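Work through the exercises below with the sequence and the coordinates open. Each task is followed by a solution in steps.

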Amino acid sequence: MALKIIASTCTGCSACEPECPNVAIREKGGTFIIDPAKCTECEGQFDAPQCVSVCPVDGCIKKA
């Protein structure tokens, strides 16, 4: 399973990108996207996905 950033709600703040332990987040067209092949939802590494923990916009990052 992977997470997805909802482009219409992403502010492009970049808070999520450096927090991803799998380097699955990158900027594209002013917003950020998550590579589903790299995203593990931080399972086995953290209690919660790190990108969701730091995102200032509620509901911006959801399960794909």
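A disulfide is a pair of cysteine sulfur atoms within 2.5 Å. The model is predicted, so local features need pLDDT of at least 70 and side-chain atom pairs count only at pLDDT 80 or more, while totals for chains, interfaces and linings use all residues. Residues are numbered from 1 along each chain as its sequence is written, and side-chain values use heavy atoms, with hydrogens and water left out.

**Exercise 1. Cysteines**

Task: State how many disulfides the structure holds, and find which cysteine sulfur is closest to that of C55.

Solution. 
Step 1. The count of disulfides is 0.
Step 2. For C55, the closest cysteine sulfur belongs to C60; at 4.3 Å, the two are too far apart for a bond.
Step 3. C55 is buried at 18%, and C60 is buried at 2%.

**Exercise 2. Salt bridge**

Task: Identify which residue forms a salt bridge with E41, and state which parts of the chain the pair ties together.

Solution. 
Step 1. Apply the rule: a side-chain nitrogen of Lys or Arg within 4 Å of a carboxyl oxygen of Asp or Glu. The count comes to 1 salt bridge.
Step 2. The partner of E41 is K63, with the closest N and O atoms 3.4 Å apart.
Step 3. K63 lies in strand β4 (residues 61–63) and E41 in the loop between β3 and α1, so the pair ties together parts that are 22 residues apart in sequence.
Step 4. Compare the accessibilities. K63 is exposed, with a relative accessible area of 59%, whereas E41 is buried at 8%.
Step 5. List the contacts of E41, a contact being heavy atoms within 4.5 Å. Leaving out residues up to four places away in sequence, E41 touches M1, A2, L3, P49 and K63.

**Exercise 3. The segment before β1**

Task: Decide whether A2 is buried or exposed, and list which residues A2 touches.

Solution. 
Step 1. A2 lies in the segment before β1.
Step 2. Its relative accessible area is 7%, so A2 is buried.
Step 3. With residues up to four places away in sequence not counted, A2 touches P36, C39, E41, K62, K63 and A64. Both members of the salt bridge, K63 and E41, are among these contacts.
Step 4. The C-alpha atoms of A2 and I34 are separated by 8.1 Å, and these residues are 32 apart along the chain.

**Exercise 4. Strand pairing and core**

Task: Determine in which sense β2 and β3 pair, and which residues have the most contacts inside the largest nonpolar core.

Solution. 
Step 1. Two strands pair if DSSP finds at least two bridges between them. β2 and β3 pair in the antiparallel sense over 4 bridges, and R26 has I33 as its bridge partner in β3.
Step 2. The hairpin has 2 residues between the strands, and G29 takes a positive phi near 65 degrees there.
Step 3. T31 is found in strand β3 and is buried at 16%. Beyond four places in sequence, T31 touches A7, C10 and R26.
Step 4. A nonpolar core is a set of buried Ala, Val, Leu, Ile, Met, Phe, Trp, Tyr and Cys residues joined through side-chain atoms within 4.5 Å. The largest has 15 residues, and I5, I25, I34, C51 and I61 have the most contacts inside it. β1 and β3 each supply at least two residues of this core.

Terms used: Buried means under 20% relative accessible area, exposed over 50%, partly exposed in between (1.4 Å probe, protein chains only). Contact means heavy atoms within 4.5 Å.
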